[in-house]
Every structure is written in C-alpha cells, then in structure tokens.
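Please walk through the complex shown here, starting with the fold of one chain and ending with the contacts between chains.

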Amino acid sequence: MSELVEKSRSSEEFLKGLWKENPVFVAVLGMCPALAVTNTAMNGLAMGLATTFVLLSSSILVSSLKSVIPKQVRITAYVIIIATFVTVVDFGLAAISPAIHKELGAFIALIVVNCLILGRQEAFASKNTIGLSVLDALGMSAGFTFAMLCISIPREILGSGTLFNMPLFGESFEPWVIMILPPGGFFMLGFLLLGFNWYAQKRKERNLIKQN
Amino acid sequence: MDTEQQHIEISELTPEKEPSSLKLVLALGIAGLLSGIILVATYTYTAPIIKANKEAAMKRAIFKVLPNCASYSALKLTNGKLEEKVPDADNKKEEDKEELLVYSGFNEDKELIGFAIPGSEPGFQDIIGVIFGYNATGKIIIGFEVLESKETPGLGDKIFKDADFQTNFTALAVEPEIISVKKGEKQNPNEVESITGATISSKAIVKLLNKTMLIWQEAIDKYIKENNLNMAQKDE
Amino acid sequence: MDNLIWIFVSALLINNFTLSYFLGLCPFLGVSGKLDTAFRLGLANIFVMLITALSAYALNTWVLVYAPYLRLISFIIVIASSVQFVEMALKKLSPDLFKALGIFLPLITTNCAILGLALFSTNKGYGFVEGMIYALGAGGGVTLALVLFAGIREETRILNIPNVIKGTALNLIIAGIMSMAFMGFAGLFSS
C-alpha cells in the first residue's frame, strides 16, 4: 500500500514540473535565458539540457548536504554549489561543441542567476530526500526544456524557415524575420502565456458549468 | 519558582542554538573547497581541448583567406615592428585579448603567401569581426571571412551569405584606400560593391579594412624588407 | 579599442540590455508600474553596475588570469557584496530612498543584468575606462527601459483589459513592441 503511495508521489513530483507548476509558463521564472537563446530550436534544446544538468547536480548535492549546511549560510552555500556546476557546464560545452557554446555565449553562465534553480534548492532539495529531489529536479528541468522548445520551435520555423537547421520550405518562403530577433522572443512568450491563460479559463468555465 | 522552572524547561526544549561564527565559516570553507576541487578537475580536463578547438578554428579561417596555405605563424606588433609571438611556455596565462596579432601564411614550399589579418568594427547592429588575407607584394586582399556578425538576418548578414559580395575580395587593391560603390558600378580594383539594402553593413566592412590596413601596412612592409622573405609567385 | 561614444550609445539604445538582450526582466516585468519606483530602481542598478564593472575589471586583470574557472563564482561574490554595501550606504545616507526601494535592492543580486554586464564586459576585453562607460550605458539603458515601461503601465491601468491577457502576457507584448521600437536605433553611428 505504501509502495503505491510512494510511486504515485514520485510520479507526481516529476509530472508537476511539466505542467501544473511549469517553471516558465506558470511561475514565469528563468525568463532571461528563455527568450535570449530560443532563436533556434537547437539553442533552446541545448539551454534546456544545460539547465537540466545544473539543476540535477545541484539538487543532488544540496539534498545530500542538507543536514550539514547551517541555516544562516544556506543561500550562499547554494549559490556556490550552483555556480560550480554552471562553470562545469560552461567549460564542458566549450570542449564538446564550440559552435553551440559560441551561439549560447554568456547565457550559459547566466544560468546561475536563473531563479528556478535557486528556488528549487530552497523550496525542495533542502527539505527532501535525494531520491525525491532528483525527481523534482528532473521534472522541473523537463518542464523548462519543454517550455524552451515551445518557444524556440515556432520562432525558428517562422523566422528562418528551418527546424534544427533543416530547411522546411522552398526558396519562395519569405521568413518572418522579426521572430528570430528580440521582439519575437517577447511576442512568442506573450502569446504562449495568453494561450495558457485562455486554456485555463476555459477549463474553469467548463468546471463551473459541470458543477451547476 | 514555577516560572523559573518553566523557563529552564523551555530552553531545554529548544536545542536550536545559534551556531558559532566558526562553524559558519567552516561550512562555507568546506563548500568552497569542494567547489574548488570540482572546478580545477574540470578545468584541467577541458582546457587543452578548448585550446585545441580555438586553434583549429583559427587555422580553418587562415587557410580559407590565404589560398594554398599549408602552415602559419603568429606575429605581434611591438613598437611598430612585427615580432614572432612566442607561445606561452607554461600555458598558465589566458590569452591577452588586447594583443593585436597577424598570421603569416606559408605554402608547402615554405614560401610566404601573405598575411591573415583580423579586424573588427561596429556594423549596423553590433561589432563585425573579420579576418582577411593580404598579399604584401601585390598590395591586394586575396581572401575574406566573417568571424562574428550580429547583422540583420536577410539584409546585413549577406556580408557572409552573399556569393556576389564575396567576389569583391579575391583581388582587392588597398591603395590608396578601399572605397565602396553601388552595386554594378565597380570600375577600379580598389572598389567594393555594396549589398543592396545593406549599405551600412557594407560600408562598415570597407571602413574595417581601411582601418586595419592602416595599423599593419607599414609594419608588414618593414618586416618583409628586414627579413628578405621570399614571396610565393602567384599562379596566373 | 572601440570608440567610447559607440560603446555608450550601443549599450544605451542600440543593444539595450533589457530590450535586446533580455537581461533584467524580473524587475522589469515585476515593477509595480509606478514611474517613481522604476526610476529609483534604475538608479540603484546603475550604481551597482558601476561598482561591478570596476571590480570585474580588477578581478579579470589580476586574479582570473591564473584561474579562469573561478570567474563566475568570484563575480557573484563581488556582486552580492556590492549590493550589501550599497544597501548599508543607502540606509545611512538616504533612508527615504532605502525605504522606497524596499525589496528590490537585495533582488538586484540575482538580476541577470548585473552579472551579464560583468560577463559581457570581460568577454569583450574592455579596459577600465571602456568598462565604466559600458556600465553607464548599460545601466542607463535598463533605467530607460524601466521608466518607459512603467509609464506605459500607468496608462494601461485605467483601461478595460480582457482577463486572458491581463498580467504578464500583456506586459510581454508591450515589451515586444518597445523592443521593436528600439530596433530603430540600429545604424545610429554610421559613416
């Protein structure tokens, strides 16, 4: 019986990051990278994966050390841990794929001020077991990467006519260039949030009707 | 008496004492130490790979702007003269970004083909970074490659996407100076045809080339004379 | 290296930190919409940026040459300390301003704009003077964006806005239009 409860709790921890508590769409956290590097789908995916690595490693380390870190210096300790893993990702990416590292530029390093990561350490990893923290981290990162792809795929298709650098349309396609420029980022996220809100409102209305 | 007892019991129930400053410093110190170990390990492992990647990229760019290039060496400008750049022996220091470098390119017979010169200049949106190949005897630019550009997609980015624009730089004379002209009006070897709809980006490239030549031309001429280098004969 | 005027104007208008690089969005979208607060937040930003530019340059030139992997951690520590310092100084010198800024001041620490400034400025290899001018331009750009945005939001408060778009969605679209407007500054300095 307790196994079933645990299993459902685990899946809940993982799934909540994807939809109900999606970091970008619901809590509107971590927007700086979300808009800056989503001009192509590949960049969005790479940023999502880099953030996943940082969030996962930080959560594991913070959760393992939660009883050792004194309350007064916990934020400082978290920041040191997060900054360490961000530096690891930065150097790692520069070694593995110089092209992507050049495209993402300083925004890899800016993962460290992504409120999502520090927020998860404070709200979850410092208070739960390593296992649950891993699930939480994976769920939130999956939600974040999902959001990045939701923003970057339409931007790339509309703005360059390609997807993951593969041309989709013929020569005659005139790309909507503004979408891969900064305003496009603002508009894309704005319209996605609008869609989100509209869907949530429709659901609320439907539930109200059902209740009556 | 009663309140005193209660007071003592309450303080016993709350064992959470403010940890000493020493403990806080120690905790942070250990966190710092852990972090340091991870970082040094990562750096030691990745630094050589990153350096190799950078060199490979530079090599590709130099070989592209100097045709038939087989090897190159770096030269830096000190007091108006070109000197061989001695690679940092113990590789401890990071590259000095302020240092101005050019690269002399040699073909398979170790003859000097020309110099690959990097330069940068603000364009329409942001700085444009370029490297071009310069033949010092003919005083012409023989190759051109854009390294960094944030110009407008579809317009300014034609500086590296438009094949017609690239043909400007196969034999571009640098004397007396490079001038930009409208498309279709090129009459002299020192003229560059701008891209229609991207005049500012094109003019920025011309300004870049003139400015960079101003920095290096004299030093290069002096260097060739002093070292009596053999220039490779151009295949006509 | 680069023309100083170009560095300043580029950071202020052409490549505005908030509207072109998406830095400093948390306070930008979260600002209450009051012109006054926005302006003061912008000023606090400029001040912290100046201190950060100075420290980033010092660190980069004398310390990080030997340990480039410590760059991120050292920058963050410096930024956090600068904000602490500014907080203490403000409390003593101008308690009204301190109270008016409230929660925003410590939040500057996680503001991507400050760390972004340190990273961009060292990546571009700016010297001391160039770094300070860059910080002035960047801080000015953030302030400009904040003030303009707060002004627009003050206007929208009396409007009838549908519920689906109210809030962050509308703010993002307004920001997008502002970003488009600022794109018009490109090519400001050309021969």
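The model is predicted. For the complex, the predictor reports an ipTM of 0.87 and a pTM of 0.86. Within chain C the mean pLDDT is 85, and 94% of the residues reach 70 or more.

Chain C has nine helices and zero strands, so the pattern read along its sequence is α-α-α-α-α-α-α-α-α. Its radius of gyration is 17 Å, close to the 16 Å that the globule rule gives for 191 residues, and chain C is therefore as compact as a globular protein of that length. Taken along the principal axes, the box filled by the C-alpha atoms of chain C is roughly 60 × 50 × 30 Å. Of the 191 residues in chain C, 45% are buried. Among the contacts in chain C with a separation of 6 or more, 82% are between residues 24 or more positions apart.

One helix pair in chain C can be followed in detail. Helix 3 (residues 35-62) of chain C packs against helix 7 (residues 112-123) of chain C at an angle of about 35°, and the two axes are 9 Å apart. The crossing of these two helices of chain C is right-handed. On the helix 3 side, the residues in contact are N45(C), V48(C), M49(C), T52(C), A53(C), A56(C) and N60(C). Helix 7 of chain C meets them with A113(C), I114(C), L117(C), A118(C), S121(C) and T122(C). By class, this contact has eight nonpolar and five polar residues, and no charged ones.

Next come the contacts between chains. Where chain A meets chain C, 30 residues from chain A and 30 residues from chain C take part. Which elements of chain A give two or more residues to the side that touches chain C? They are helix 2 (31-36), helix 4 and helix 8 (182-211) of chain A. Helix 8 of chain A provides the largest share of that side, with twelve residues. The side of chain A that touches chain C divides into 25 nonpolar, five polar and no charged residues.

The contact between chain A and chain B takes 20 residues from chain A and 19 residues from chain B. Helix 4 (residues 74-96) of chain A gives the most to the side of chain A that touches chain B, namely eleven residues. That side of chain A has 15 nonpolar residues, five polar and no charged.

Technical notes: Residues numbered from 1 in each chain as written. Chains lettered and ligands numbered in written order. Predicted model: local features only at pLDDT ≥ 70, side-chain atom pairs only at ≥ 80, totals over all residues. Contact = placed C-beta atoms within 7 Å. Helix = DSSP H or I, 4+ residues; strand = E, 2+ residues; numbered from the N terminus. Nonpolar A, V, L, I, M, F, W, Y, C, P; charged D, E, K, R; others polar. pLDDT = per-residue confidence, 0-100. Axes fitted to C-alpha atoms, helices over the stretch in contact; angles between N-to-C directions. Left-handed = near helix turned anticlockwise from the far one by under 90°. Rg over C-alpha atoms; globule rule 2.2 N^0.38 Å. Buried ≥ 20, exposed ≤ 12 C-beta atoms within 10 Å, placed from the backbone.
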